[in-house]
Amino acid sequence: MSTKDDVRYCHRCSYVFLKFILFAYSIVWWLIGGCILAIGIYAEVERQRYKTLEGVFLAPAIILMLLGIVMFIVSFIGVLASLRDNLTLLKVFMYTLTMCLILELLGGIVALVFRNQTVDLLNKNIRKGMVNYYDDLDFKNIMDFVQKKFKCCGGQEFTDWEVNMYHNCSAPGPLACGVPYTCCIITKPNEVANTLCGYEVLKKERLAVINVIHIRGCTDAFFIWLMDNYKIMAGLLLGILLPQFFGVIVSWLYITRVEDAISEYGHYVDGLLDSNVQERVAKRQGRMSKWCKCMPEIE
């Protein structure tokens with residue numbers, strides 16, 4: 001046997017390097033997924049505590065929990081697959097990442113092609129949240145932040161606030177025919193806003209309130225911000241898509257290395273999926289090689 005044949009496959013740099021990269025990649029996203037899941041669970045507990053509304057759009061906690069669960073499970077499969085060199089788990093991990101990447105790309109393409117329907121759906125959901133603005137703390141905090149950040153008011157336009165029972169012109173009280181104070185124009189930095197600055201603005205024409213509140217809808221303001229900050233958005237999209245693409249490439253390369261090792265050294269059996277564990281335990285093999293599965297076993 002040649003010197004080259006005497007070298008174990010796991011001692012080659014490509015195998016060790018890919019194994020370490022895939023394990024590190026999976027463990028990082030596994031931890032991130034666990035953190036997101038924990039935050040989502042905490043937010044959901046608080047949401048139930050304050051009796052806020054149910055629904056995916058109105059409950060960011062639900063979105064965080066679902067995202068955390070998916071990331072946690074998929075990344076755990078990657079961690080397990082990289083440690084055990086199990087081809088089935090490696091392929092499940094790679095195909096799952098590929099499907100997520102394809103779905104995200106298709107979702108973006110569909111949203112662009114049917115952008116008018118996408119905007120209408122967004123405005124519809126915003127108005128749905130505005131109906132219970134004062135009852136849903138999650139949506140209220142998000143809406144207040146958006147209206148302050150993008151200097152806007154309402155969904156499609158400021159008159160959308162008529163759907164709220166407190167701001168509807170038929171409602172009693174000082175909020176009737178008004179808008180939340182986060183719609184108001186602040187002329188001085190750190191100025192304490194008057195909570196009734198939007199008093200009865202819904203009774204007036206747009207030009208009459210242009211110096212009092214932001215008349216532009218938040219949907220339009222958000223898309224204008226996207227166009228003005230396209231470099232930031234491009235970087236954000238790359239930050240979301242590239243790590244997944246990197247995971248697909250690394251897992252694919254590692255699968256090829258494991259398959260090469262199997263063809264070179266014989267049939268491979270993973271201890272996690274092998275029912276005849278006692279027979280394998282009887283084989284002479286160190287604990288470290290069992291755990292890392294550096295070299296597939298020959299039967």
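This passage looks at the confidence of a predicted model, then at its disulfides, and lastly at one of its helices.

The chain has a mean pLDDT of 80, and 81% of its residues reach 70 or more. Two stretches stand apart from that picture. Over residues 1–11 pLDDT stays under 50, and the model has 15 contacts for this stretch beyond four places in sequence. Over residues 269–278 pLDDT likewise stays under 50, here with 14 contacts beyond four places in sequence. Where pLDDT is low, the predicted coordinates should not be read in detail.

With that in mind, the cysteines can be examined. Searching the whole structure gives four disulfides. When the bonded cysteines of the chain are numbered in sequence order, they pair as 1-8, 2-5, 3-4 and 6-7. A student with the model at hand may enjoy tracing this pattern by eye.

One of the disulfides is formed by Cys153 and Cys183, with 2.2 Å between their sulfur atoms. This pair links distant parts of the chain: Cys153 and Cys183 are 30 residues apart, and each sits in the loop between α6 (137–149) and α7 (218–228). The link between Cys153 and Cys183 is right-handed, with 80 degrees about the S-S bond.

The disulfide of Cys169 and Cys177 is right-handed because the torsion about its S-S bond is about 110 degrees. The two partners are set in unlike surroundings, as their accessibilities show. Cys169 has 40% relative accessibility and so counts as partly exposed. Cys177, by contrast, has 1% relative accessibility, so this residue counts as buried.

Cys184 and Cys197 are also joined by a disulfide, at 1.7 Å from S to S. Both Cys184 and Cys197 lie in the loop between α6 and α7, so their pairing ties together parts that are 13 residues apart in sequence. A torsion of about 100 degrees about the S-S bond means that the disulfide of Cys184 and Cys197 is right-handed. With 7% relative accessibility, Cys184 counts as buried. Elsewhere in the chain, Cys100 counts as partly exposed because its relative accessibility is 28%.

Attention now turns to helix α6 itself. At 1.5 Å a residue, the 13 residues of α6 should span 18 Å, and the C-alpha atoms at its ends are 18 Å apart, so expectation and model agree.

Buried residues in α6 are Phe139, Met143, Asp144, Val146 and Gln147. Looking down the axis of α6, these buried residues fall within an arc of 165 degrees, so they line one face of the helix. The cover over the buried residues of α6 includes α5 (115–131) and α7. On the face of α6 turned away from its buried side are the exposed residues Asn141 and Phe145. Past the helix, the chain continues with Lys151, which follows α6 and has a positive phi, near 50 degrees.

How values were computed. Residues numbered from 1 in each chain as written. Predicted model: local features only at pLDDT ≥ 70, side-chain atom pairs only at ≥ 80, totals over all residues. Heavy atoms only, no water. Disulfide = S-S within 2.5 Å. Helix = DSSP H or I, 4+ residues; strand = E, 2+ residues; numbered from the N terminus. Buried < 20%, exposed > 50% of the residue type's maximum accessible area, 1.4 Å probe, protein only. pLDDT = per-residue confidence, 0-100. Contact = heavy atoms within 4.5 Å. Expected span 1.5 Å × (residues − 1). Arc of directions from axis to C-beta.
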